[in-house]
Structures are given as structure tokens and as C-alpha cells.
Amino acid sequence: MTPTITAFEQSPDRGQGMARDMRVRWALEEVGQVYDVRLVSFKAMKEAAHLALQPFGQIPTYEEGDLALFETGAIVLHIADRNTGLLPADANAWSRAITWMFAALNTLEPPILELEQAPYLDGDKPWHSGRMRMLEDRVRFRLDQLSSRLGNADWLEGAFSAGDLLMATVLRRLEGSGLLEEYPNLSAYVARAMARPAYRRAFDAQLAVFTAASTGAE
Ligand code: GTB
């Protein structure tokens, strides 16, 4: 059964792979699963039909037959669990790879998001630059630890896994901050992830939504 995901009709990043449907697209591409996309407007996201799928009025969602999921971590785990290629076969390695999925979403993403959002939320406040320095240090603290753990390895847990997929998308959010560049092994890790053919296909598909909307194409 072909799953259907939802994505922004008009992504604020102009299709640069930052919106979270990118994670789901990438996971589906990694396992070779064809999928359909239903584009939703910001208005539609807050209406009953979408709220029935995503109680917080956000994208992405995932529908497959009578199964409807939300939350990218849960969706990527579902895809990884039902297909081969994103989780190792060995039971302990399987659990460790899932641990990295949680680490990406629960330990790395929150401080990175806080840093990303601070300029919009309090850029006009007199204490903003001090807070930015504090938030940058909090991100550095986690990057130091992640960098030490990754060392010279290509991926966090043996072969590329769903843990790397989520971690790379989270670290990509640091683009433009200069922080990732302080850690050559993490920069190379993200570049390695983004060079994967499945990532490129997912990126191109997301970008095509923006291109079609801006040229008025169907
Ligand atoms: N925890 C949820 C998950 O992982 O699925 C979070 C989902 C979420 O934040 N969705 C965002 C959304 O729908 C889109 S991804 N926002 C609309 C709303 O809340 O009303 C966040 C996002 C959006 C845009 C960019 N960008 O343009 O750079 C980056 C990230």
C-alpha cells in the first residue's frame, strides 16, 4: 500500500529541506518505498480534517491504509521497523540505533531549536546577545559530546541507520550558525549523510514543491 504523507504547500525555507517532512521523505527513499504527498496550507493544518491526523496542527503526517501517524520520530521508526535498511538486524544494535533516534530528538534538537528560534523570539530585547551566547554554549556542550562519541566513525552505530538520519537532519539546522564547522568530524558526518542518493532524491522532491508553486506549475 502506498503511504501518503503531508507537507507544506508553501514551505518558509523555500524547499531547502528544513521542514520535517524531509525526514520522512528521506526514510522512505532509503527503503525504496514509493509515496504520495498531500500538500497542506497553514490554514488547512488547523482545520478539523488535519487535526484528526495531527492533533497539534502540524506537518508531517503519515497515512498507510487504516494507520495514521504523526511525529517524525514515530513515523521514521515505523518505516525503519517495517522495512530493511534503516535498522540493524542484531537485536542489541537495533535498540542502540533507536537510542540514537531519541538522542537526536530529545537531547540535540531542543537546544538547537532554542538557538534557532531566539532571534525571532527575543532579537529585540536588550539581553538578546547574552542569551545567544548562552544558547550557543549549550549547543556546543552537546556537540562536544557527540563529536567525541562519533570520533572517526562514519556513522553512530555501525552502518547508517535511522539514528543517523534523524541526527543529520537535526544537525543541519545549525547551518549558518558556524557552530557545526567547529567540529570537523560532525561537519563531515552531515555532509556524508547529505551525499546519500536517498537524501538527494528526498531533497529534490521537497524542492520541486516550492519550484512548482513559484512557477505556477501543477
Ligand atoms: N514534533 C513534531 C514532529 O517531529 O513531527 C514537530 C512537527 C513540526 O514542527 N512541524 C512544523 C509545522 O507544521 C513544520 S517542521 N509547523 C506549522 C505550525 O506549527 O503551525 C518545522 C520547520 C518549519 C519550517 C522550517 N523552515 O522553513 O526552515 C524549518 C522547520
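**Reading burial, cores and contacts**

Student: What is the relative accessible area of alanine 191, and how do I read it?

Tutor: Alanine 191 has a relative accessible area of 44%, so it is partly exposed. Buried means under 20% relative accessible area, exposed means over 50%, and partly exposed lies in between (1.4 Å probe, protein chains only). Before we go on, note that this is a predicted model, in which local features need pLDDT of at least 70, side-chain atom pairs count only at pLDDT 80 or more, and totals for chains, interfaces and linings use all residues. Residues are numbered from 1 along each chain as its sequence is written, and side-chain values use heavy atoms, with hydrogens and water left out.

Student: Where is alanine 191?

Tutor: Alanine 191 sits in helix 8. Helices (H or I, at least four residues) and strands (E, at least two) are DSSP runs, numbered from the N terminus. In sequence, alanine 191 is 19 residues from arginine 172, and their C-alpha atoms are 9.3 Å apart in space.

Student: Which residues of the largest nonpolar core touch the most other members?

Tutor: Start with the general idea: in soluble globular proteins, nonpolar side chains tend to be buried together. A nonpolar core is a set of buried Ala, Val, Leu, Ile, Met, Phe, Trp, Tyr and Cys residues joined through side-chain atoms within 4.5 Å. The largest one here has 55 residues, and Trp26, Leu143, Met167, Leu171 and Leu174 touch the most other members. Helix 5 (91-122) is among the helices that each supply at least two residues of this core, and it gives the most, with 10 residues.

Student: What is tryptophan 26 in contact with?

Tutor: Contact means heavy atoms within 4.5 Å. Leaving aside neighbours within four places in sequence, the partners of tryptophan 26 include Phe160, Leu165, Ala193 and Tyr199.

Student: Which residues of helix 4 are buried?

Tutor: An α-helix has 3.6 residues a turn, so residues three or four places apart point the same way. In helix 4, the buried residues are Thr72, Gly73, Ile75, Val76, His78, Ile79 and Ala80. Their cover includes helix 1, strand 3 (61-64), strand 4 (67-70), helix 5 and helix 7.

Student: Which residues come nearest to the ligand?

Tutor: A residue is near a molecule or strand if one of its heavy atoms lies within 4 Å of it. Of the 13 residues around the ligand, Arg20, Lys46, Ile59, Glu71 and Thr72 come nearest. An oxygen atom of the ligand is 2.5 Å from a side-chain N or O atom of lysine 46, and a ligand nitrogen is 2.8 Å from a polar backbone atom of isoleucine 59.

Student: Which bond joins isoleucine 59 and proline 60?

Tutor: It is a cis peptide bond, with omega about 5°. Proline 60 lies in the loop between helix 3 (48-53) and strand 3.

Student: What is phi of glutamate 71?

Tutor: Phi of glutamate 71 is near 75°, a positive value in a residue other than glycine. Glutamate 71 is in the loop between strand 4 and helix 4, and with a relative accessible area of 43% it is partly exposed. Arginine 14 also has a positive phi, about 55°, although it is not a glycine. With 53% relative accessibility, arginine 14 counts as exposed.

Key. Polar contact = N/O pair within 3.5 Å; in protein donor to acceptor, adjacent residues only side chain to side chain.
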